[in-house]
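This briefing is meant to be read next to the sequence and the coordinates.

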Amino acid sequence: MSGAPRTKRPRTVLEGPAATPAPETAAPAEATPLLLDFLPREAEGETRLGRFFARLREGKLSTTRCPRDGALAWPPRLVCPKCHQGELDWVDLPETGHLYAFSAVLGGAPLGMEAEVPFAVGLVDLDGLALRLFGRVVGRPWTELRVGDSVALEVYRTGDDRVFYRFRAPGPPAA
Ligand SMILES: [Zn+2]
């Protein structure tokens, strides 16, 4: 051990209000704090599901299927939830489905969606597959939606260079 005597560091005493006020670090108005961001991070380096978002940008909703046991996962996975192996195939999902259930967001919307209240969210059974997806439902006021309504997949831009999916209910037939 070193023979040098240890010098006791003087304790810093903070007196009264902080001498140097915290600098104003105003974030851009459109930036959503990461922990309050309702939509997934999809940039390179932020997700290992880049294939999902690349397909979404092409207008296709896709997910993973295990070639060993055929297990279809939603959301897409890196590892098969059934047999735990990590070599998965990507498959495109049907672009139509039916409303299994829905509800309306009347308040307390996620950041960035406050101006869209009220809006509908629903569970959609995809046509021809045993997959039930959650998502926004647009195209009609929520008060005019009915369980069983047909809906179509829609890919939209979020406004900050991301894409996401939602479902569109066709408008009521013209009178
Ligand atoms: Zn598997």
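The structure is a predicted model, in which local features need pLDDT of at least 70, side-chain atom pairs count only at pLDDT 80 or more, and totals for chains, interfaces and linings use all residues. Residues are numbered from 1 along each chain as its sequence is written. Helices (H or I, at least four residues) and strands (E, at least two) are DSSP runs, numbered from the N terminus.

**Barrel**

- Five strands close into a barrel in the order 3-4-5-7-6, with mixed pairing; two strands count as paired if DSSP finds at least two bridges between them.
- On average, neighbouring strands of this sheet are turned by 50° against each other, direction ignored; the axes are lines fitted to C-alpha atoms, and angles run from 0 to 180 degrees between N-to-C directions.
- Strand 3 (residues 96–105) and strand 4 (residues 119–126) run antiparallel and are joined by eight bridges.
- Strand 3 also runs antiparallel to strand 6 (residues 150–157), with three bridges between them.
- H98 has a bridge partner in each of these strands: D125 in strand 4 and S150 in strand 6.
- G97 stands opposite V151 of strand 6.

**Nonpolar core**

- A nonpolar core is a set of buried Ala, Val, Leu, Ile, Met, Phe, Trp, Tyr and Cys residues joined through C-beta atoms within 7 Å.
- A residue is buried if 20 or more other C-beta atoms lie within 10 Å of its own, exposed if 12 or fewer, and partly exposed in between, with C-beta atoms placed from the backbone.
- The largest core has twelve residues: L61, L93, L99, A120, V124, L126, L133, V137, V151, L153, F167 and A169.
- Strand 4, strand 5 (132–138) and strand 6 each give two or more residues to this core, and strand 4 supplies the largest share, three residues.
- A169 touches V137, G139, R140, L145, D149 and V151, not counting residues up to four places away in sequence; contact means C-beta atoms, placed from the backbone, within 7 Å.

**Helix 1**

- In helix 1 (residues 50–57), the buried residues are F52, F53 and R55.
- Seen down the helix axis, these buried residues fall within an arc of 160°, so they line one face of helix 1; the arc is that of the directions from the axis to the C-beta atoms.
- Strand 1 (62–65) and strand 7 (163–168) are among the elements covering the buried residues of helix 1.
- G59 follows helix 1 and has a positive phi, near 90°.

Terms used:
Contact = placed C-beta atoms within 7 Å.
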